[in-house]
Amino acid sequence: MSVKVLLAITQAFALTMSVAFLVYVVVIVVPYLRRKPGPVGDPADFTWHFFVPCRDEQTVIRETVRYLRTTFRRAHVWVVDDDSEDRTARVVRMLWRRHGGYDPYLHLVPRVRPEARTGKGDALNAAYRALNDWMGPDASRDDVVVVVVDADGRPAPNCLEVCAAGHLFGDPEIGAVQLDVRMGNAGTPPPSRNPVGRWFGLKLAQLQDLEFRTAIAAIQTSRGFTGTISMGGNGQFTRLTALDSIAGDAGEPWRGSLLEDFELGVHLLTAGWRTGFTPDSHVAQEGLYSLRRFLVQRTRWGQGTMQCARYLRRIWDSPHVSTLGAAEMMYYLAQPWLQLLGSLLYPIPFVLLLIGTAGDPAQMWTWFTGGAWILFAIYGSFGLLPFLVWGPIYQLKCLRSGNILRGLGMGLAYAAYIYTFYVTSWRALFRLVRGRNGWAKTRRNTEQAAGVKVALDA
């Protein structure tokens, strides 16, 4: 292949990526940086029910229940024990019995196999049906809000007043609200004798914190303009009447996808509900220290996104989703497929360069003197900038630190972090092709720490 053809291909790639980055900045970065805090409301206007799905969560559930019951005293907590093989249910029952009496705001929803351990969505559906039975057919449902919290989740104390605001649940058209997500252990290194392991685990947790608090929060903010704010698996607030409207005769508002949170949002939006997002409050969760567990988690998320491709027609045909909104949702659902395609296409200019110069090394000099290296530099730069930009923003906006060099370092690390999704997309595809659609729980850091402690004590 001639140098001219190579230059033309590289120039086209560079130009495309340059335009894409400029659009990215205008549409996503700027609205995120310009956003101001909104007003709050009165939590007493609503009744709040926390759903906490648990599968072998004895290491974290005690402190989570205590936190929820002491922080939100008038809210009900529904713990779903998904046939745990550890002492999860026993811990909850012990907390239920207090001072010789019983806690009327704490509820245990036991599940047994074969119905149990079939996915988070099924566990949440069990809690939904238990709540319906507890409320009775004549109870008022208009002011009831269901909150999904992971077993290690810590919703901020102000989350109820923030979600009760007039622009959120104070608006009767809002069916669901998603909180900002943070990693509660972003400043705590993992327990390990290996200093490299401690450093890597801490950085991995910090990169997850960066991802959720900047890039994902910015994307959610921009979705406010398209009306397609999506739900997350933690800090997910949903109006009970909205769940009722999509539950069907089986009483199942959550469906069978591995990405049950996004799937819920699709059903709510196509049913005519609006969704909201607020960074004015947050839910803290564990950032994973282990790269292996991180890849397993993101493979499950990628596979769940692939599964949700079955809703493309539903989204496109819905009269409640605008054309711009449908395009945004379809782009999101295409992400794992685009990553698969990108992993094949992005190396093309470099492969062509190697092929072109292998037979005629003199072309390498022509390549340099012809300025092609500049185009390759632009190509590489704009492949990094959409991720690199979030490092300094995280440092300044989230950590309130003026250390720009550290921010640039975090941005470069975040770019490498994001490129792992090309690996997880291929893993997700292989699982999908092989029909491996089962839901696997991600092990908690506390479970790994317990194993480390046993090893150290041995």
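This report describes helix packing, salt bridges, aromatic pairs and a surface patch in a predicted model.

## Basis of the model

Local features in this predicted model need pLDDT of at least 70 and side-chain atom pairs count only at pLDDT 80 or more, whereas totals for chains, interfaces and linings use all residues. Residues are numbered from 1 along each chain as its sequence is written, and side-chain values use heavy atoms, with hydrogens and water left out.

Helices (H or I, at least four residues) and strands (E, at least two) are DSSP runs numbered from the N terminus. Burial is stated by relative accessible area: buried is under 20%, exposed is over 50%, and partly exposed lies in between (1.4 Å probe, protein chains only). In helix 2 (residues 61–71), the residues Ile-61, Thr-64, Val-65, Leu-68 and Arg-69 are buried. They lie on the same side of helix 2, because they cover an arc of only 120° around the axis; the arc is that of the directions from the helix axis to the C-beta atoms. The buried residues of helix 2 pack against several elements, including strand 1 (47–54), strand 2 (76–82) and helix 3 (88–96), where contact means heavy atoms within 4.5 Å.

Helix 8 (residues 260–270) is mostly covered, with eleven of its eleven residues buried. Just after helix 8, Gly-272 takes a positive phi of about 105°.

## Salt bridges

The whole structure contains 17 salt bridges, each a side-chain nitrogen of Lys or Arg within 4 Å of a carboxyl oxygen of Asp or Glu. In one of these, Asp-56 pairs with Arg-117, and the closest N and O atoms are 3.2 Å apart. Asp-56 lies in the loop between strand 1 and helix 2 and Arg-117 in the loop between strand 5 and helix 4 (120–135), so the pair ties together parts that are 61 residues apart in sequence. Asp-56 is buried at 18% relative accessibility, and Arg-117 is buried at 16%.

Within helix 2, Arg-66 and Glu-63 are three residues apart, about one turn of the helix, and their side chains form a salt bridge (3.4 Å, N to O). Arg-66 is partly exposed at 42% relative accessibility, as is Glu-63 at 44%. Arg-113 and Glu-85 also meet in a salt bridge (3.4 Å, N to O). This pair links the loop between strand 5 and helix 4 with the loop between strand 2 and helix 3, 28 residues apart. Salt bridges that share partners join Asp-83, Glu-85 and Arg-113 into one network.

## Aromatic pairs

There are 19 aromatic pairs in the whole structure. Rings of Phe, Tyr and Trp (its six-membered ring) pair if their centres lie within 6.5 Å; planes under 30 degrees apart count as stacked, over 60 as edge-to-face and the rest as tilted. The rings of Phe-212 and Trp-301 are edge-to-face, because their planes stand at 90°, with centres 6.5 Å apart. This pair links helix 6 (residues 195–226) to helix 9 (residues 291–307), its members being 89 residues apart. Phe-212 is buried at 13% relative accessible area, while Trp-301 is partly exposed at 27%.

## Nonpolar surface patch

Tyr-331, Leu-338, Leu-341, Leu-344, Leu-345, Tyr-346 and Ile-348 form a nonpolar surface patch with about 630 Å² of accessible area together. Patches are made of residues with over 30% relative accessible area and no salt bridge; like charges are joined within 9 Å, and nonpolar side chains (Val, Leu, Ile, Met, Phe, Trp, Tyr) within 5 Å. Helix 11 (residues 323–345) supplies the largest share, five residues.

Technical notes. Areas by Shrake-Rupley, 256 points an atom, 1.4 Å probe, with all protein chains shown as cover.
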